[in-house]
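Hi,

Here is the structure I said I'd send over. Have a look at it first, and then read on for what turned up.

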Amino acid sequence: MKNINLKQAFSCARTEYVKWVCDARMIILGVLLIFIYNFAIEPLLKNAEEMGEPLNMLEPFIAIANSGAILLIIPLVFLTLIADFPKIDTNTVFYIIRVGRINWLIGQVIKLVMMTLSYLAFIFIGATLPMIGKGFWGNRWSEVATQFAIRFPEKSQNFGVQLLPENLYNQLSVYSTAVQSYLLIFAYLLILGLLLLSFSLIKKKTAGFVLCGAVISLGTAFCSIKTMLMWTMPMANSIIWLHFTKYFRQPVVSLQFSVIYLITFIVVLLVFCVFAIKKFNYDNVAEIAA
């Protein structure tokens with residue numbers, strides 16, 4: 001077992017990350033942005049236009065990060081983009097032998113973090129760019145978010161209103177909601193990537209995909225019916241408004257619980273990966289896809 005060499009790990013991560021960014025599958029991101037615009041941004045802009053008031057620049061991203069329907073699509077697209085993560089073939093095996101198992105594993109984790117952060121950054125930019133000239137920066141909620149349903153009670157159930165529920169603007173500031181939403185979804189996607197990595201190291205990558213699909217599906221189903229079982233899944237723990245009632249400060253489930261849950265999940269998977277890479281058998285590398 002070679003000593004930990006962060007320079008080698010970062011070099012490994014950087015090389016593979018560049019290949020990932022240049023992959024033809026990135027065209028899917030364009031389709032995702034179109035879906036996000038039509039599903040989340042356009043309804044908010046229509047409400048803003050009807051009300052004659054600007055939106056906060058961060059509100060579309062907050063709406064995206066707290067929509068159950070969109071949070072079904074975002075992980076699925078992410079899984080599609082990282083479908084070959086970690087890429088392990090005969091050439092990779094020689095590379096693992098050269099740099100060391102732990103250094104290679106650290107490199108894969110760094111790459112996963114880079115992929116996750118850049119994926120969410122792309123979504124964030126895609127949500128804020130259409131707001132240029134149509135919104136304002138600041139740590140206050142817009143009149144569109146807080147007053148539209150009051151001013152137009154007959155339209156209080158339209159989709160634009162539901163995208164920014166009272167559970168958000170009655171409980172947290174805009175900046176706090178945006179930052180926490182980004183970090184919680186980052187943890188959710190990181191868990192999915194670590195599940196793929198874990199199962200790849202025991203040569204059960206297909207089973208890893210199935211498990212990721214089950215985590216996403218069950219999380220969506222539990223959230224849609226509002227059962228307490230939803231807190232056993234990463235999805236509910238990454239949606240901020242589910243933690244609060246509409247008016248009272250007492251949370252349904254504390255954000256601290258969700259942070260501890262997500263961090264614990266990540267740490268357990270990382271520890272599993274460390275043990276798995278130490279026992280990784282270079283023979284029959286093709287079994288990884290099985």
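**What turned up**

M115 is buried, with a relative accessible area of 0%. Keep in mind as you read that this is a predicted model. M115 sits in helix α6, and, leaving aside residues up to four places away in sequence, M115 touches Y17, W20, F78, I82 and F85. Y17 is 98 residues from M115 along the chain, yet their C-alpha atoms are separated by 7.2 Å.

Two packed helices are described by the angle between their axes and the distance between the axes. Here the axes of α4 (residues 70-81) and α6 (residues 101-128) come within 12 Å and cross at roughly 135°. That makes α4 oblique to α6. The crossing of the two, α4 and α6, is right-handed. On the α4 side the contact is made by I74, V77, F78 and L81, and on the α6 side by L112, M115, T116, Y119 and I123. Sorted by type, the residues of this contact are eight nonpolar, one polar and no charged.

Most residues other than glycine have a negative phi, and most peptide bonds are trans. The peptide bond from F85 to P86, though, is cis, with omega near -10°. P86 lies in the loop between α4 and α5 (90-99), and F85 is one of the residues that M115 touches.

Two lysines have a positive phi as well:

- K203 has a phi of about 60°. You'll find K203 in the loop between α10 (174-201) and α11 (205-225), and K203 is buried, with a relative accessible area of 10%.
- K226 has a phi of about 55°. K226 is in the loop between α11 and α12 (234-237), and K226 is partly exposed, at 47% relative accessible area.

Last, the cysteines, in case you were wondering: how many disulfides are there? The count comes to zero, going by pairs of cysteine sulfur atoms within 2.5 Å. C212 is in no disulfide, and the nearest cysteine sulfur, that of C273, is 12 Å away. C212 counts as buried because its relative accessibility is 0%. For C223, the closest cysteine sulfur is in C212, 17 Å away, so that is too far for a bond. C223 also counts as buried, at 7% relative accessibility.

Cheers

Technical notes:
Residues are numbered from 1 along each chain as its sequence is written. This is a predicted model: local features need pLDDT of at least 70, side-chain atom pairs count only at pLDDT 80 or more; totals for chains, interfaces and linings use all residues. Side-chain values use heavy atoms; hydrogens and water are left out. Axes are lines fitted to C-alpha atoms, for helices over the stretch in contact, and angles run from 0 to 180 degrees between N-to-C directions. Helices (H or I, at least four residues) and strands (E, at least two) are DSSP runs, numbered from the N terminus. Angles under 35 degrees count as roughly parallel, over 145 as roughly antiparallel, 65 to 115 as roughly perpendicular and the rest as oblique. A crossing is left-handed if the near helix is turned anticlockwise from the far one by less than a right angle, and right-handed if clockwise. Contact means heavy atoms within 4.5 Å. Ala, Val, Leu, Ile, Met, Phe, Trp, Tyr, Cys and Pro count as nonpolar, Asp, Glu, Lys and Arg as charged, and the others, Gly among them, as polar. Buried means under 20% relative accessible area, exposed over 50%, partly exposed in between (1.4 Å probe, protein chains only).
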